[in-house]
Amino acid sequence: MMHQVIVIGAGVVGISTALELQRLGHSVRVFDRKGIAAETSAGNAGAFAFTEVEPLATPGILRKAPKWLLDPLGPLSIPPAYALQIAPWMFRFWRASRPDRYRRLLGAQVSLMELSKAAVNRQIDLVDGESMMQRDGQMQLYESEAEFRASLPTWELRRQHGIEFELLESPKAIAEKQPGLSPRFTHAGFTPDWMNTIDPKSWVEHLAQAFRDLGGQIEQRDVRSLAQTPDGVRVELAVGAEHADKVVVCAGAWSHHLARTLGDHIPLETERGYNTTLPQGAFDLRMHLTFPRHGFVATRINGGVRVGGAVELGGLKLPPNFKRAETLLDKAQQFLPGLKTEGGTQWMGYRPSMPDSIPVIGPAPSAQNVVYAFGHGHLGLTQSAGTAEMVAAMINGLAPPIPVEVFSATRF
Ligand SMILES: Cc1cc2nc3c(=O)[nH]c(=O)nc-3n(C[C@H](O)[C@H](O)[C@H](O)COP(=O)(O)OP(=O)(O)OC[C@H]3O[C@@H](n4cnc5c(N)ncnc54)[C@H](O)[C@@H]3O)c2cc1C
């Protein structure tokens, strides 16, 4: 049965979902208060990071956190003004890192990654998008034998899940793959099966064009609340109201505000991240580089270099602290001594993050015609096409391609 569907949010998750539903014959409108890829999906690192299957809440992680928090511009920070508000989320994060929960979440992450990898290739074929991809792999860099050894359990985990990689144990072996790195990097792990888009914003715009070509509509609308009706869902807007058979909430880091209007309390928070994008010619970057100890990456965007990462648990209202972007750029210059740091553009984005590192994908507990698809944290681009296929199965009343209970909004 075909439905009139409203998708809220024109980020990569919303547009991917809308495209899949329209392709399957539904009549789909996307509402976004700002426009296409106007928030987090615009400025991310562009990586389809299929190799990153381990949830962030690993057993023992909270023992490392105090060390990171000591440096206010370090990889993890909590602005004092937000410390109290984030405490319940941190408590849930800690609970998710307990070994039994961790194993369940790892299984969920692995299955969503496998689905997403296949799904994005189907999506690329559908929209003729191969020219917007860079399939050059990724290198994670370590500064000592000890740091490398400490990473080996994670590499073993990847091996167990069939992820290909090559471990490099000298600066010379590293330089063969990526010349120009500081010799402080003594060890590395290279994952060939990793893909980046040339620009995440252009990628969403490309998907949006394919959606429109199939007859879909994208409208600038500010959604204020949702209400279940006997035959669907009433969508209350800043100006007026609309009705649909089904609504999908893909509003990124703002999704819990809409869920609350239905009576659902979802512990969604934001991990704010920063970056600087340098123009073409900044550095001859051959692949996506990850500096795990420092919590940031360097990646090729539109022929230039984007340097970014960091996690700031600072909510949706505090002003950005662009010193973070500057700190990352300073470090990048030490790590890539030839990097030209002039002419960069700074950006801050709001990762939509659940405390157990996996998204919410499933029906709203209090409204049977509303489906939630948000909370992808660090992996929203990576998991967008897989999420779209799961939501489409739910709307069609079919069995989703992977088990969905673990992603349910009722799990908290
Ligand atoms: C520094 C950084 C680097 C990252 N790198 C990567 C990476 O390399 N790979 C990866 O997979 N992920 C990465 N991420 C994460 C990724 O960017 C996010 O997970 C993803 O963009 C989330 O997409 P989304 O569609 O859920 O949300 P968004 O892109 O934020 O879209 C949500 C949309 O909903 C709209 N909206 C919200 N509320 C309303 C309302 N009430 N009415 C109407 N519209 C509304 C907003 O305007 C917005 O356009 C990174 C994030 C950051 C910050």
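Analyst: Arg-158 and Glu-52 join their side chains in a salt bridge, with 3.2 Å from N to O. (A salt bridge here is a side-chain nitrogen of Lys or Arg within 4 Å of a carboxyl oxygen of Asp or Glu.) This pair links distant parts of the chain, 106 residues apart: Arg-158 sits in helix H6 (residues 145-160), while Glu-52 is in the loop between strand E3 (47-48) and helix H3 (61-69). Helices (H or I, at least four residues) and strands (E, at least two) are DSSP runs, numbered from the N terminus. Arg-158 is buried, at 4% relative accessible area, whereas Glu-52 is partly exposed, at 22%. Buried means under 20% relative accessible area, exposed over 50%, and partly exposed in between, using a 1.4 Å probe and protein chains only.

Before we go on, keep in mind that this is a predicted model: local features need pLDDT of at least 70, side-chain atom pairs count only at pLDDT 80 or more, and totals for chains, interfaces and linings use all residues. Residues are numbered from 1 along each chain as its sequence is written, and side-chain values use heavy atoms, with hydrogens and water left out.

Next up is the pair Glu-312 and Arg-324, whose side chains form a salt bridge at 3.0 Å, N to O. Glu-312 belongs to strand E18 (residues 304-312) and Arg-324 to helix H10 (residues 323-335), so this bridge ties together parts that are 12 residues apart in sequence. Glu-312 and Arg-324 are both buried.

Then look at Arg-411 and Asp-356, where the salt bridge comes to 2.7 Å, N to O. Arg-411 is in the segment after helix H11 (384-395), and Asp-356 is in the loop between E19 and strand E20 (360-364), so the pair ties together parts that are 55 residues apart in sequence. Arg-411 counts as buried at 17% relative accessibility, and Asp-356 is buried too, with a relative accessible area of 0%.

Some bridges also link up with each other: Arg-29, Glu-219, Arg-221 and Glu-242 are joined into one network by salt bridges that share partners.
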